[in-house]
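Dear colleague,

I am passing this structure on to you, and below it you will find my notes on what was found. Please look through the sequence and the model before reading on.

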Amino acid sequence: MAKPKPIKINQVSKDFAKQQVLNNIDLTIEPETIYGLLGRNGAGKSTLFNIITNRIPLSGGEVTIGGQTVTDNDDVLNRIYLMSEANLYPSRMRVKEIFKLTTQLYRGMDMRLAQTLAEQFELNTDTRFNKLSTGSRSIMKLIIALAVDVDYVFLDEPTLGLDANHRRLFYNALLDSYAKRPRSFVISTHLIEEVSNLIERVWVLQNHQIIVDDTTENVLNKGFAITGPAADVEAYTAGLNVIGHEALGNLRVQYVYGELDGDRPIPDTISTSHIDLQRLFIYLTNQEVVTVEN
Ligand SMILES: Nc1ncnc2c1ncn2[C@@H]1O[C@H](COP(=O)(O)OP(=O)(O)OP(=O)(O)O)[C@@H](O)[C@H]1O
């Protein structure tokens with residue numbers, strides 16, 4: 001089967017009344033790649049997902065696949081699945097009926113996988129949707145997202161309401177399913193450390209724009225903690241892209257995003273180490289103005 005065409009997000013903007021949410025977003029979603037979309041509460045993650053999947057209209061720009069717009073285009077929309085908090089199902093419908101409905105709305109669904117996952121997650125498929133707990137609703141939607149036959153799956157806070165065991169089960173099921181049938185997943189989440197081993201590419205949405213669009217590996221390689229006596233640390237980090245700092249007794253830690261200056265010798269009093277994605281995200285999104293060199 002030929003590889004699907006990438007999704008291109010070109011200069012996409014969105015305003016709600018007078019409130020600007022997205023400002024000229026440019027992104028490419030490649031086939032068979034797992035992305036993490038990170039952003040603080042209200043940054044616009046769900047809005048971006050809703051636009052890409054044609055749930056809401058955009059205010060400017062366009063979203064295309066292979067040159068075709070996604071707007072009201074069923075031919076391309078049936079290759080894209082959005083799992084979100086919204087409950088779109090008839091409330092009295094049973095889980096197994098919802099699975100069947102999904103096969104009709106998309107190109108199909110791997111019913112055997114859906115059944116296996118339902119057993120693993122202990123979801124009774126005879127239960128009516130309105131009788132499911134919050135966690136069980138999430139589980140049902142996750143099962144559909146993993147079993148539906150599409151090229152692009154958008155997961156908007158997929159683990160909402162799931163306990164730690166179920167979250168682990170889901171991450172494993174996602175990787176398993178991806179290995180058997182590679183396709184793209186775009187995951188928005190606040191549980192950054194839990195997905196950092198899963199995602200190949202990181203997007204950070206902040207101040208209406210994408211401020212990071214890079215491989216997870218590159219992003220992690222660019223994040224440093226520089227620790228030592230305050231005067232030495234400040235002298236060493238002068239001119240570098242400092243995104244945050246902390247005082248630890250007599251020591252100071254400055255967090256840097258970007259290249260360290262290779263020509264500048266590191267004093268003996270200073271230690272440098274890499275930082276995790278969660279901490280990097282906190283500092284990148286804590287500031288009014290952030291300079292990010294992609
Ligand atoms: N239908 C709507 N009408 C008006 N404003 C909206 C609408 N949907 C979203 N917004 C506003 O757009 C902004 C972005 O919301 P969105 O839900 O996309 O953020 P998010 O990044 O998904 O947030 P969270 O992490 O809290 O779920 C918020 O200020 C929200 O209040």
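The shell around the ligand is made up of three nonpolar, six polar and one charged residue, and please keep in mind throughout that the model is a predicted one. The residues that surround the ligand are Phe16, Val21, Gly39, Asn41, Gly42, Ala43, Gly44, Lys45, Ser46 and Thr47. Helix 1, which covers residues 45-52, gives the most to this shell, contributing three residues.

Turning to the overall layout, the domain assignment of the protein places domain 1 at 7-217 and domain 2 at 222-284, and the C-alpha centres of domain 1 and domain 2 are 35 Å apart. Where the domains meet, seven residues of domain 1 are in contact with five residues of domain 2. On the side of domain 1 that touches domain 2, helix 7 (192-195) and strand 10 (209-215) are the elements that give two or more residues, and the residues of that side comprise five nonpolar, one polar and one charged.

The last point concerns a pair of helices, helix 5 (residues 134-147) and helix 6 (residues 164-180), whose axes come within 11 Å and cross at roughly 5°. Because angles under 35 degrees count as roughly parallel, helix 5 and helix 6 are roughly parallel to each other. Their contact is formed by Gly135, Ile139, Leu142 and Leu146 from helix 5, together with His166, Phe170, Ala173, Leu174 and Ser177 from helix 6, and the residues of this contact divide into six nonpolar, three polar and no charged.

With best wishes

Conventions
Residues are numbered from 1 along each chain as its sequence is written. This is a predicted model: local features need pLDDT of at least 70, side-chain atom pairs count only at pLDDT 80 or more; totals for chains, interfaces and linings use all residues. Domain bounds come from an automatic or database domain assignment. Two residues are in contact if their C-beta atoms, placed from the backbone, lie within 7 Å. Helices (H or I, at least four residues) and strands (E, at least two) are DSSP runs, numbered from the N terminus. Ala, Val, Leu, Ile, Met, Phe, Trp, Tyr, Cys and Pro count as nonpolar, Asp, Glu, Lys and Arg as charged, and the others, Gly among them, as polar. Axes are lines fitted to C-alpha atoms, for helices over the stretch in contact, and angles run from 0 to 180 degrees between N-to-C directions. Angles under 35 degrees count as roughly parallel, over 145 as roughly antiparallel, 65 to 115 as roughly perpendicular and the rest as oblique. A residue is near a molecule or strand if its C-beta atom, placed from the backbone, lies within 6 Å of it.
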